[in-house]
Amino acid sequence: YIQLINLFRMIKAGVIGMGIGEKHAQAYDSHPKAILKAICDFDPNKMQSINNRFPNVSSAYEDQSILDDNNIDLVSIASYDNYHCDQIVKAFNSGKHVMAEKPICLNRNEMEKIIDAQERNNNVKISANHVLRSNSRFNKLKNEVMKGKFGDIFFIEGDYYWGRSKKLYEWRANMDYYSIILGAAIHMIDLIMWIIGDKPIAVQAMGNNIANKNTKLKYNSFSVILLKFESGIVAKLTGNGPCVHPHYHGLKIFGTKRTAIHDLSGAYYLESTTETSEQLPILEPYPEKESRQKVIHSFIDSILNPEALPIVPQQDVYNVMSVCFAAEDAIMTGKQIDINYLG
């Protein structure tokens, strides 16, 4: 009976924050079972431009207008990072599902508030916009890892090259605290956990602020993270904010049968250790930005059909945040940190 009702139900959505939030709005607008009802941003110039693209959608400058609207089922939180926790908690308390930009919050205390709010309103769901999971190339690599084509995986590298460093020195520099791990490296942490289908048990990390020492940003703009998995796999990841490098998500997978390389030079497999080893091309597209709507579309589908699994399930959102918090602790203490998973 419920499935029959959902067959004819439309999900009414709102978006808070119209920077990256414009992509969320487009995703709702293009889903056959969603209606974009409202958009919000505090910048009137930005709203004027956005209104021209969505002329039939209600617009506002205050987030509360969307959070209080009983006609909205699902809200995208795409505001500045330091607003996420409060807006997610309010959305849950209003009975709304949440699609959030990463990070969903900035520290463990905020995470606990989000979890508590969801437990009080246990009919609501949350997902996060970890868009790399929608990429065809990374999906192929995940499938091949799962099928054992790499043999035993023993080491993975992931590099988040920001390549747009001036963005670090805009609103992020005005936050009480900014984390390059939560703001950048989180994408690679999530990608690697998803590819190998496992959670790390411990983390070590270091970082520096050398590149931004003469800017308004007073916190680390670079971090390097080592993850240890129960299987013995080791992963090394970076959040490289100030790099002189195009925006890119570098990935290397090392197994006993095969190596995969994905970097600016191309994407290929190596299946021999000889110097003349043939580079077998990986042909699936990257960055394939047009596929990224799939993350939001799959979340809409999971709301309408409880048996449908979103591309980014709720527990995965909480898990990657837990790893990031442990990595932050590792940087602060200079010690290896055992990961305590929340949620």
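**Aromatic rings in a predicted model**

With a relative accessibility of 28%, Tyr219 counts as partly exposed, a class between buried (under 20% relative accessible area) and exposed (over 50%), found with a 1.4 Å probe on protein chains only. The model is predicted, so local features need pLDDT of at least 70 and side-chain atom pairs count only at pLDDT 80 or more, while totals for chains, interfaces and linings use all residues. Residues are numbered from 1 along each chain as its sequence is written, and side-chain values use heavy atoms, with hydrogens and water left out.

Rings of Phe, Tyr and Trp (its six-membered ring) pair if their centres lie within 6.5 Å; planes under 30 degrees apart count as stacked, over 60 as edge-to-face and the rest as tilted. By this rule there are 9 aromatic pairs. One of them joins Phe150 and Tyr269 edge-to-face, with 6.3 Å from centre to centre and 65 degrees between the planes. These two residues are 119 apart in the chain, and both are buried.

A further edge-to-face pair is made by Tyr177 and Tyr219, at 4.8 Å centre to centre and 70 degrees between the planes. Here the partners lie 42 residues apart. Tyr177 counts as partly exposed because its relative accessibility is 29%. Ring pairs also link Phe42, Tyr80, Tyr83 and Trp171 into a cluster.

Charges meet rings too. A charge sits over a ring if NZ of Lys or CZ of Arg is within 6 Å of the ring centre and within 35 degrees of the ring normal. Arg258 lies over the face of Tyr269, 4.0 Å from the ring centre, and Lys199 lies over that of Tyr341, at 4.4 Å.

Key. Helix = DSSP H or I, 4+ residues; strand = E, 2+ residues; numbered from the N terminus.
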